[in-house]
Protein chains: 2
Amino acid sequence: MAICEILSVGTEILLGDILNTNTRFLSEELAKLGISVLRHTTVGDNPERLREAASTALGRSDIVIATGGLGPTADDITREICCKVFGFELIFSESIAETIRSYFGRKGTDMPETNLKQAYIPAGGTVFENENGTAPGLGMKKDGKCLVILPGPPYEMAPMYKKSVVPFIKEYAGGIIVSHTVRTMKIGESAMAEICADLLENENPTVAPYAKMGEALLRITAKAETEDEAEKMCAPVIEDIKNRLGNFVYGIDSENIEGRVVALLKENRLSIATAESCTAGYIPKRITDIPGASSVFEYGAVTYSNAVKEKVLGVRHSTLEKFGAVSPETALEMAAGIRKISGADIGISVTGIAGPDSDESGKPAGLIYVAIDAEGYSEYDTVETGRNDREYNRYVSASRALNLVRIYIEQKRG
Amino acid sequence: MAICEILSVGTEILLGDILNTNTRFLSEELAKLGISVLRHTTVGDNPERLREAASTALGRSDIVIATGGLGPTADDITREICCKVFGFELIFSESIAETIRSYFGRKGTDMPETNLKQAYIPAGGTVFENENGTAPGLGMKKDGKCLVILPGPPYEMAPMYKKSVVPFIKEYAGGIIVSHTVRTMKIGESAMAEICADLLENENPTVAPYAKMGEALLRITAKAETEDEAEKMCAPVIEDIKNRLGNFVYGIDSENIEGRVVALLKENRLSIATAESCTAGYIPKRITDIPGASSVFEYGAVTYSNAVKEKVLGVRHSTLEKFGAVSPETALEMAAGIRKISGADIGISVTGIAGPDSDESGKPAGLIYVAIDAEGYSEYDTVETGRNDREYNRYVSASRALNLVRIYIEQKRG
């Protein structure tokens, strides 16, 4: 199995100015090719440390993919140093220079002269076209080893990887690895792992638990000669896990709960509307992260104040007064209200305390009620994270509101 | 200056299952202490590679902070291996075991026996209490070097770092580093860098450009004996940059445009309401990411379909028919509509094509109109990213709608 190392370059990463999402993208993609990523390394725009890191990585791995530091400014040194370490000379390419000039031409702006630095390419190497920026990617092969250099911005790097790098490294793709994920909600990672303890000892397929933002997941990974064979190894293990974990399981592989819910809504030709207080747009944002969600989602109301809850959603003044905005009663009326005014098949709602502080009524941060309203059906769920992490509380409660939709549709169909 | 290396442990990171946000958090925090982070390294839950990585890191750095692999399952080996490499023996702590049992008790669930693994601590080391989970953090010092081991989940790691690790590593904090960021919108990174080319040569303070989701930023970093001195070195450089870049600059240091806009709204006691099509909740989500935003934000409408744009926002049927939903005219009517029905001081709107596909009218993905409506003021802006990246298009257009608010309030005040 070919071994790969990802080398990120950029002082802005070491300073914490930017989040390194490239390594995650590349790791996920390389796993699909059956290429083992054994290390991620990040160094700054520093010639010595970059030289040392590139040299060590090329020494121990079959493939090194370096990202970042191909920009037009003086601190961008990845091209020069990595090519030198791998023994490739840089030469000026008039045709690349022309491509860069015409990129600026299309945008209607003048090319800064410094951008010409990006027209240097390794003699004997391969150039990957950049459709979303000016720095081309570079590929080199020598003595069975392979070096790929890609621009740092994710929207330049990712399309370039898919279009040009996958064919370039194809010869390293080994065997077939198939991986599936069983996704659960409302059960903790260690409780889940205990129920599946014997499976975690498996060698092929392997079963590994992990936790992620209010969810517990199990990844099943099989290695085989053919894809079909690997799939056949995974299938019974997944069935077994589903039987053990029952209704905690919300989906297999589906990227997340919003993807699962949009798929269920589409299959059943149902529409949804949302009414949110503390999540404030997070649910429609996540529903519409899924391309094509417009066929199931029409209207969402973010009703942050009590006055707007009454005026827009028709929540009763007496309900707000008696039970407070953060209550199952208010959540249920919000869900019913948004369903009524939107004409959607399903209304869901969220109201609670995202934190970091608790509210004046003394209810704690992380206490959030979610509800669903549909024809002849209404239900609520209580989220109590016990945390004062605003993003976490908002994410988890949005997930749990979506989970109510999943349970409703599954029951209705079952 | 003390040198630090961050070592992330977890096969799930190398497989791309999870995004490594811990390194960013730690890097940002360590920079504030004047501790130089020179490398990030990630290895999987593999004894040999973890041993090698920990040993190399401890050899070349003053401080090593390892995160992840402290969980209750068998593949969690960070505690055992890192302590051994650094020469600390693990002993069972009955009091930590008791703390873990009572954590489960508070949650009302039984402790899985495997969790007792987390009660082993290094003899002669320091234990950091975990307020959000069961695995305590561990700190060890020997021969001038320091090893810190923290749990992987960010919501456990981050509060533990702030409360316990900062005092533990205080003796390594060197000199004072002050850093400021000038944030711009609507100018490219290389155009910005060219305007500031001479400043990028500075040695102290340094000036470094970078790009991020539709924005171009300049980081100014000064090192000095005292904070006051470092601030005095930064101030004239920031003034100079602001003068050169003028209205492109939307803020200094403020984490992002939503933070800047919420601050401006609060200062001026103005309220805002939002009407969104393609961003679908992203703007209220981002506004309410800022704690305390409830004083400036009451109501947001996500009007995904044309019918809802007419019914809820009062966009004229003739406007939608003549110009289409993706047009300056529709954007302006949406902004005016939401302001009217909400009673807010400012209404903003977004309508466009997030992609990845273009719409039936032949308008391209990435073409998005944003508009603002206020007393005696209305304006729109055209976003043309030329990309079919849905998340990018949604993020950037939400930012540009917020930028209209910034420009309006600054003009009004000026």
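1. Salt bridge between D289(A) and R394(B). In this predicted model, D289 of chain A and R394 of chain B form a salt bridge, with their closest N and O atoms 2.8 Å apart. The count of salt bridges between chain B and chain A is 10. On the side of chain B that touches chain A, the residues divide into 33 nonpolar, 19 polar and 20 charged.

2. Extent of the interface. The contact between the two chains involves 72 residues of chain B and 71 residues of chain A. Together the chains bury about 6200 Å², and 55% of this area lies on carbon and sulfur atoms. Polar contacts across the interface of chain B and chain A link 33 residue pairs, counting pairs with both residues at pLDDT 80 or more.

3. Which strands join chain A to chain B, and in which sense do they run? Strand β2 (residues 36-43) of chain A is joined by 5 bridges to strand β2 (residues 36-43) of chain B, and the two run antiparallel. Within this pairing, T42(A) stands opposite H40(B), and V43(A) has R39(B) as its bridge partner.

4. Strand pairing within chain A. Strand β2(A) also pairs with strand β1 (residues 3-9) of chain A, here in the parallel sense and over 7 bridges. One of the positions concerned is I6(A), whose bridge partner in β2(A) is H40(A). Strand β2(A) is mostly covered, with 7 of its 8 residues buried. As a general point, the side chains of a regular strand alternate between the two faces of the sheet.

5. Salt bridge between E52(B) and R60(A). A second contact between charged residues of the two chains is formed by E52(B) and R60(A), whose closest N and O atoms are 3.9 Å apart. The pair joins two chains because E52(B) lies in helix α3 (residues 47-60) of chain B, whereas R60(A) lies in helix α3 (residues 47-60) of chain A. E52(B) has a relative accessible area of 35% and is therefore partly exposed. R60(A), at 32% relative accessibility, is likewise classed as partly exposed.

6. Salt bridge between E171(A) and K141(A). Within chain A, E171(A) and K141(A) form a salt bridge with a closest N to O distance of 2.7 Å. E171(A) belongs to the loop between α6 (154-168) and β9 (176-185) of chain A, and K141(A) to strand β7 (residues 137-142) of chain A, so the pair ties together parts that are 30 residues apart in sequence. Are these two residues buried or exposed? E171(A) counts as exposed at 57% relative accessibility, while K141(A) is partly exposed at 32%.

7. In chain B, the side chains of K285(B) and D289(B) meet in a salt bridge at 2.8 Å, N to O. K285(B) is buried, with 6% relative accessibility, whereas D289(B) is partly exposed, with a relative accessible area of 26%. Elsewhere, salt bridges with shared partners join E5(A), R39(A), R60(A) and E52(B) into one network. Over all chains, the whole structure contains 48 salt bridges. In general, side chains of opposite charge can pair when their charged atoms come close.

8. Surroundings of R183(B). R183(B) is located in strand β9 (residues 176-185) of chain B. Its relative accessible area is 5%, so R183(B) is buried. The side chain of R183(B) makes a polar contact of 2.7 Å with the side chain of Y250(B). Leaving aside residues up to four places away in sequence, R183(B) touches several residues, among them K212(B), E215(B), F248(B), Y250(B), D253(B) and E255(B).

9. Overall description of chain A. How many helices and strands does chain A contain? There are 14 helices and 17 strands. The C-alpha trace of chain A spans about 75 × 55 × 40 Å along its principal axes. Of the 414 residues in chain A, 57% are buried. Among contacts in chain A with a separation of 6 or more, 68% are between residues 24 or more positions apart.

Technical notes
Residues are numbered from 1 along each chain as its sequence is written. Chains are lettered from A and ligands numbered from 1 in the order in which they are written. This is a predicted model: local features need pLDDT of at least 70, side-chain atom pairs count only at pLDDT 80 or more; totals for chains, interfaces and linings use all residues. Side-chain values use heavy atoms; hydrogens and water are left out. Contact means heavy atoms within 4.5 Å. Buried area is the accessible area (1.4 Å probe) that two parts lose on being put together, summed over both. A salt bridge is a side-chain nitrogen of Lys or Arg within 4 Å of a carboxyl oxygen of Asp or Glu. A polar contact is a pair of N or O atoms within 3.5 Å; within protein, one must be able to donate a hydrogen and the other to accept it, and residues adjacent in sequence count only if both atoms are side-chain atoms. Ala, Val, Leu, Ile, Met, Phe, Trp, Tyr, Cys and Pro count as nonpolar, Asp, Glu, Lys and Arg as charged, and the others, Gly among them, as polar. Two strands pair if DSSP finds at least two bridges between them. Helices (H or I, at least four residues) and strands (E, at least two) are DSSP runs, numbered from the N terminus. Buried means under 20% relative accessible area, exposed over 50%, partly exposed in between (1.4 Å probe, protein chains only).
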